[in-house]
Amino acid sequence: MFKVLLTTFLLSISVSAQDLFKHENLQYKGLTDHGLKELKSVRDALRQRFRLFDQEFKGLNNIHHAATVARMAKANIFLYGPPGGAKSKFVQWMFDGEADPSFQVQMHQMMTEQVLIGGQNFEAAKEGRYVVNTETSLANYRTALLDEVEKGNPAVLATLLSLLNEREVWVGGQTIPAKTETVYATSNANLPEIFTQFQESGQRSTAPALLNRFQFKGFIYNWLSNYDQAELDERREKIGLCSVLGTCENTPLLLKPDVIDWENLRSFSKVLMKKTTSFMTFYNQMANDLRIATNQAVRESEVRHQKDRYNEPFVYFPSCDWTERLRQQIPDVVQMSAFIDFLLSDLANDKNIEKMITKQIELTGHSLWRASLVVTTPGPGKAALVKKDGKLEIEFGTQLSLDYARDAREVKMLENLVAEQNRFSSIYGKYLALSQEAIKDAAKYLPHSDESNADFELMIMKR
């Protein structure tokens, strides 16, 4: 099965990308000298970006990791939360890692679809020719920001459906390929509020179709811990002094993040990380269980909303509204998330990296915790697989506190996000236990030095 996938992938990548890998009958045999050089280059760029990010932003590690995976996967990400949480600033940070300029627009009710997907060229129309122009639209850019997307006209936003999924636009009876790879949307409204907005405009079915095309959702607080806030205040003070004293040039405080070669990063993750049969078996079973549990939670919310609209102000809209398309995409998300953590870990240091890449790094059921990037909404802090009292479990980061909610609607939204995390932990825990048994068996019968070296996630934790 993997041979077929590798064959398809190698045939689809560019000639230059094929120069990165050695293979025999399309079986991976390591990296070329050029490939090893390029791998270290993307590793160093990624490490520099994550290091600088930790200096400039606090409490957004989960969001940064999710957005990096989204960019690798050519997926879209929806960022929401109360005003003042640095959502737009965060997207600007992501744009700093791009070689090409990005499309940016602040949404409003009077905006037409031509801004997003282009339209008829009226100068050509005067000459009797029908020409569709997408050059200045979102469709002509690899990356884009739709800022304050909740202010957009639902009918106009509906025109994005084919662009966000098929990466093409339908204008005037024509289908035009789009350059778009990743769209970032920001909103001060939460998912149920946006769903309600579409419903009130008579486009109820369009809301889930649009929101499902943002495979990643992230919730950004507009508050920080006292310690994190003090660190940012100190940093701003230093930048201010640096500017006044005229010593800003080459200061580490103002370093710009490196540009990422996303195509190489993407290629390396797809070839160097291998999804095992047990991984896919556990995933398919887990995905089905999660889909059933999520749909049940939606139905129960509908009943509560009908009975008591004060305590259930809106019907729960899940972070992951399961579709077959999304089910197929999540394993790639897990694969790319694992690859990012590999490059950031000691396992990818110069003294280890050549040994690690002599063969593909196998992903097992332990790595399925990373599906939470899509199945739940990443919030503040940093998620990880951790060992507590001798057992493995997911740590989602900073606990979502209801104390900071603005109103009853935000309280309910936070309760739903916590419920998603708990639901994921409970269902994943069953497959995690099965995966641990498989790892123990592998450690007994395969030539590993110990159990912790029989699985990539355990190696990351050990390091």
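Contact here means heavy atoms within 4.5 Å. The model is predicted, so local features need pLDDT of at least 70 and side-chain atom pairs count only at pLDDT 80 or more, whereas totals for chains, interfaces and linings use all residues. Residues are numbered from 1 along each chain as its sequence is written, and side-chain values use heavy atoms, with hydrogens and water left out.

**Stop 1: M273**

Select M273, which is found in strand β12 (residues 273-275); strands (E, at least two residues) and helices (H or I, at least four) are DSSP runs, numbered from the N terminus. M273 counts as buried because its relative accessibility is 0%, where buried means under 20% relative accessible area, exposed over 50% and partly exposed in between, with a 1.4 Å probe and protein chains only. Next, display F268, Q335, A338, F339, F342, I361, L363 and F456: these are in contact with M273, leaving aside its neighbours within four places in sequence. Between M273 and I361, the C-alpha atoms are separated by 4.9 Å, although the two residues are 88 apart along the chain.

**Stop 2: the nonpolar cores**

A nonpolar core is a set of buried Ala, Val, Leu, Ile, Met, Phe, Trp, Tyr and Cys residues joined through side-chain atoms within 4.5 Å. The largest one has 84 residues, and L39, F216, M286, F339 and F342 touch the most other members. Helix α15 (residues 324-344) gives the most to this core, with 10 residues. Centre on L39: not counting residues up to four places away in sequence, L39 touches L31, F268, L272, F339, L343, I353 and I357. Another core, of 44 residues, lies apart from it; F78, I117, A139 and L161 are among its members.

**Stop 3: helices α14 and α15**

Select α14 (residues 277-307) together with α15: their axes come within 11 Å and cross at roughly 135°, the axes being lines fitted to C-alpha atoms over the stretch in contact, with angles from 0 to 180 degrees between N-to-C directions. Therefore α14 is oblique to α15; angles under 35 degrees count as roughly parallel, over 145 as roughly antiparallel, 65 to 115 as roughly perpendicular and the rest as oblique. At the contact, F279, M280, Y283, N284 and A287 in α14 meet L326, R327, I330, P331 and V334 in α15.

**Stop 4: A297**

Move along α14 to A297, which counts as buried because its relative accessibility is 13%. Leaving aside neighbours within four places in sequence, A297 is in contact with Y316 and R423. A297 and Y316 are 19 residues apart in sequence and 7.7 Å apart in space, C-alpha to C-alpha.
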